[in-house]
Amino acid sequence: MSERSFQRNLLISWSGVIVVLVVWQIINTLQIVNPGIFPGPLQVVDTALNRFPFSDVLAHVRASIQRVALGFLIGGGLGVVLGVTSGWYRLLGKLLWGPIEILRPVPPLAWIPIALIWFGLGEESKVFIISLGAFFPVVTSAHKGMSTIDPLLFRAAQSLGVKGPKLLLKVAIPAALPDIAVGIRVGWSLSFGSLVAAEVLAAQQGLGFLVMYGRELGEVEVIVYGIILIGILNLVTDHLLYRFLFQRQLRWHFGT
Amino acid sequence: MPSSDTSLHATTAGGRASVRRVVWRRLRRLRIPDWVYGLVTVLFLLWLWEYAVDHGHLNPYQFPPPSKLQGTFESLLERGFPRGITTDVHLRTTLSRILKGYVAATALAIPSGLVIGSNSILDRAALPIITFARSVATISLLPLAVAWFGVGEFTRVFLIAYGCYWIIVTSVVEAVKGVNRQYIHAAQTLGASRVQIFFRVMLPASLPRIFSGMRVALGMAFLVIIAVEMIGTVRGLGALIMEARTFYRTDVTIVGMFFIAIIGFVLANVLSWLERFLLPWMTDLDEVQR
Amino acid sequence: MSQHIVVDRVTKQFDLADEHTLALDDVSLTIEANEFVSIVGRSGCGKTTLLNLIAGLITPTKGEVRIGNQVITRPGPDRGMVFQHSALFPWLTAIDNIQFGPRNQGVLRKERLEQAHELIELVRLKGFEKKYPRELSGGMQQRVAIARALAVDPEMLLMDEPFGALDELTRAEMQEELLRIWEARKKTVVFVTHSILEAIYLSDRIIVLSPHPGRLRAEFPIDLPRPRQRSSQQFMKLYEDIHDAIF
């Protein structure tokens, strides 16, 4: 692409965002909507820089990330293990299928009341919800990945003398990885969403709490600030995950 | 692992493996359908649960036994919980909220997506906005929506519509962009005008992918409504399980979750069924898309 | 009435990202009305590009393509096209695919249905009118594709390796079919193919392009009477000559 068309594309990409910001600010300045409940971008930026300096926010961000990472690792890890074994040992797969299929359509948040009963009001219940968010997509896609491996790959490996557990580790799992990766990405997004919801519903720290705090103070700028931060965090983490999984580790399948 | 290839099992060493092989082979010969296995496991777990509560291994407050749940199930259908609000009221409330938000989102997303997808400048300009708006956690908008619209039904429907809109519009845009160029070339060499190509080629070719996005959006709608119903309302499935907890009725919570599971299952599949009916010509998605 | 196709000193350059590909370099040729001409050559010789230029799906960087005295700048129903992978609309049945062109031209239902049935008979797919493309074999799909292209009564048929995705036996069958249809509905045919044998079997004239960049390499008139014997001496000789011209 020539230098000029690259610049042109960049300009167009930004033009949409700029238009939105300008219109937003105009609505606020002209007070078309009550500015008490409809803050402008400049006010939000002001809040970001002055009311909540980044060092404070960092603590919230860290709390959130820790929660979601823990829940994601537990749920995702369990999901991979169960998904892979249930895909490898068909009998186990058929047996596990029942309970998993019944529980899968239940949104992670619907588990909140029962989680509070089982685990009380502490961190455990939140991590539990988050891990549920990761578990189901991952276990489903891991199982699918393992079940749909081309039998030809196994025959080829066996003719090269590979057998037993090595077959599982060196042939089956790599072949299933693309599906598992997709499941991981979905699982992360679900975990993140569950995190935010859990924090909005009940937390002392974390970005979701920040949003609710703004409500209590009656300061909508804080709410908007929190919303935007969450959106950015979601976008960034998903992008990093995507880059890592799909563009580096699994380049052989998905291409650059 | 392909179970047709029993020789693979044979390569694992040990006597235990051969026992497993024999059992497995016998079971397969019986050709028991998959769902029976699932049913057996579930029934077994339910029995185990009942047993554990009877013998004091599980706390009946935290794990109300299936026997009790059955009674709760019936009472929920007849008398309802909280008193007077029966299951079908909760179901109808939740479903109507989903429907309103979902339909609103679809009605907006399909036309806007078609326009954006057909215009490369619009598409490029809109992409950052759509991507960011989609990344915003819908639940986090709850306090903002309450500040704007109050605590009524509109707020709830709005949130569902928000969550669904960005998902559907993304898939519509991708559907339009991804239409196999050859269909367009073919239509051009058959003398079709631009308008005709849009309605008679792009639209039908986009449908499978749009349906796919709509499936995902419906799942999202369900997630959002359950969460939203847990605050500030007594009607709806989300409200049901939250209220139950407030009154220490674990049994109601669990039966409520069961209803949620059923609705979730139906929602997850209704579009697939609809798609098979409306698009009888469908093959693999790959053929229709680039 | 069919007209000459004139490709007049056509050059086509593709500019993508940072690559500039010269697909065709100063190519000129003429195709007579009702002639069956094949274009052969190795990968990268620009045969598909040339076909797309005649179809009007792309425009030349230099030079022009004329039909009669009209310069071609866009696609149209006078130049019917058949693609390698049929490009049948999967959401339409066979008969609806065939009616697609006439329908868009405003032809009345009764008339276009009649014509479509005629074409179905021509391509020998009676009984398969209501089938969706996914229910048809590769060979059948190509027959529908040919019928669909014929439905708008084009002046010529542009065929881009239409039998390339078919197995050997079906391919031979389709070659027969094509000749039969061509005898019945005499039209100019420009046929792009990888297969020298196929080209010799079907065409009045063969044009050889050489790759990187695409240039006119040789022309071979085929004077053999049809139906042609693939094992005859002349056939074999032609094959050798053309093969040498390509490689």
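Reader: What share of the accessible surface of chain B belongs to carbon and sulfur atoms?

Author: This is a predicted model, in which local features need pLDDT of at least 70 and side-chain atom pairs pLDDT 80 or more, while totals for chains, interfaces and linings use all residues. Residues are numbered from 1 along each chain as written, chains are lettered from A and ligands numbered from 1 in written order, and side-chain values use heavy atoms, without hydrogens and water. By the Shrake-Rupley method with a 1.4 Å probe, where for residues only the protein chains shown count as cover, the surface of chain B comes to about 14,200 Å². The carbon and sulfur share is 65%.

Reader: How many helices does chain B have?

Author: Elements are DSSP runs numbered from the N terminus: helices are H or I of at least four residues, strands E of at least two. Chain B has zero strands, and its helices number 13.

Reader: Why is chain B more spread out than a compact globule?

Author: The globule rule, 2.2 Å times the number of residues to the power 0.38, is set against a radius of gyration over C-alpha atoms. For 290 residues the rule gives 19 Å, and chain B is well over that, so it counts as more spread out, with a radius of 25 Å.

Reader: Which three residues supply 12% of the area that chain A buries against chain B?

Author: Buried area is the accessible area (1.4 Å probe) that two parts lose on being put together, summed over both. Between chain A and chain B this is about 5,100 Å², with 78% from carbon and sulfur atoms. More than any other three residues, the suppliers of that 12% on chain A are K94(A), I117(A) and I227(A).
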